[in-house]
Amino acid sequence: LEPELMEAIQVGDLVVVEGAIRGFLMLGEAMRGPNHANQDSVAHAGLIDLGDRIFGKVYFEEPPNPSSKKMNLKTPSSRKMSIKVEEPENRNGLVSLDFKARNRLRSRLKDAVTTALLSFLEGVESTSIPDKMLTTVQWSAISTQMSKCHLAMMRGSEILDYSQLRDEGIQYYFLMKYLLAYDERGEFIEPCLVRHKKAAHFFEVRTGFVEIVRQTRLERVFFVLPESCIPGGAL
């Protein structure tokens, strides 16, 4: 599925991409409540592994080089003539998308996967699912995705809107912060947060949480703080 999704985004096959996004969101919704039976079933259905492959391979596309769209030719009289190279037309019902629209799809897909993974942790009763996530997911890939969002925001990159970069990046931080409590030996999450400490700090100060006691279990719910609540003002 993951190679097909990458190709579908590139060629503008919205049916495949939107279907995948809605599928992840539907599974996430099915696990909320929490619904422990669904959490256990989905955890053993390969969703965690698929999400891991998506995080490891679906990255943002950089803006095209304007000079690559034109070819400069010299005429016999030494005058330069600019010839625009047209993009090939999409066929078979595919939609022609620019790089930013493709990046928005990539971000929505990764956000849907993160939403589903966070749903595994709602009201979790044992360490079996968190332990499975810790040992299955390549946390270096997730922390790299978080860091890329942060770096693009700091550079004012055109790859995606600031708000969407922030929302995607902080979801990765939520996921790692939640599982940090289960990483008792500090093998998986802590090294990644240290390696990308600038990005981690950026999202840490923008993260709020509430603690809920549910049948003697302590749960944390994370949410995004508005910029006005950041200590010392916006970073």
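How are helix 7 and helix 10 oriented to each other? In this predicted model, helix 7 (residues 139-155) packs against helix 10 (residues 197-204) with an angle of about 80° and a separation of 9 Å between the axes. Angles of 65 to 115 degrees count as roughly perpendicular, and helix 7 and helix 10 are therefore roughly perpendicular to each other. On the side of helix 7, the contact is formed by Met 146, Ser 147, His 150, Met 153 and Met 154; helix 10 contributes Lys 198, Ala 199, Ala 200, Phe 202 and Phe 203. Classified by residue type, this contact of helix 7 with helix 10 comprises 7 nonpolar, 2 polar and 1 charged residues.

A further element considered is helix 3 (residues 36-43), in which the buried residues are Gln 39, Val 42 and Ala 43. Viewed down the axis of helix 3, these residues fall within an arc of 100°, so they line one face of the helix. In an α-helix there are 3.6 residues a turn, so residues three or four places apart point the same way. The cover over the buried residues of helix 3 includes helix 2 (14-31), helix 4 (47-57), helix 5 (99-120) and helix 6 (128-136).

Regarding confidence, the chain has a mean pLDDT of 83, with 84% of its residues at 70 or more. The highest confidence in the chain is found in helix 9 (residues 189-195), at 95, whereas the lowest is found in strand 2 (residues 80-84), at a mean of 44. Over residues 68-91 the pLDDT remains under 50, and for this stretch the model has 21 contacts beyond four places in sequence.

Methods. Residues numbered from 1 in each chain as written. Predicted model: local features only at pLDDT ≥ 70, side-chain atom pairs only at ≥ 80, totals over all residues. Heavy atoms only, no water. pLDDT = per-residue confidence, 0-100. Helix = DSSP H or I, 4+ residues; strand = E, 2+ residues; numbered from the N terminus. Contact = heavy atoms within 4.5 Å. Axes fitted to C-alpha atoms, helices over the stretch in contact; angles between N-to-C directions. Parallel < 35°, antiparallel > 145°, perpendicular 65-115°, else oblique. Nonpolar A, V, L, I, M, F, W, Y, C, P; charged D, E, K, R; others polar. Buried < 20%, exposed > 50% of the residue type's maximum accessible area, 1.4 Å probe, protein only. Arc of directions from axis to C-beta.
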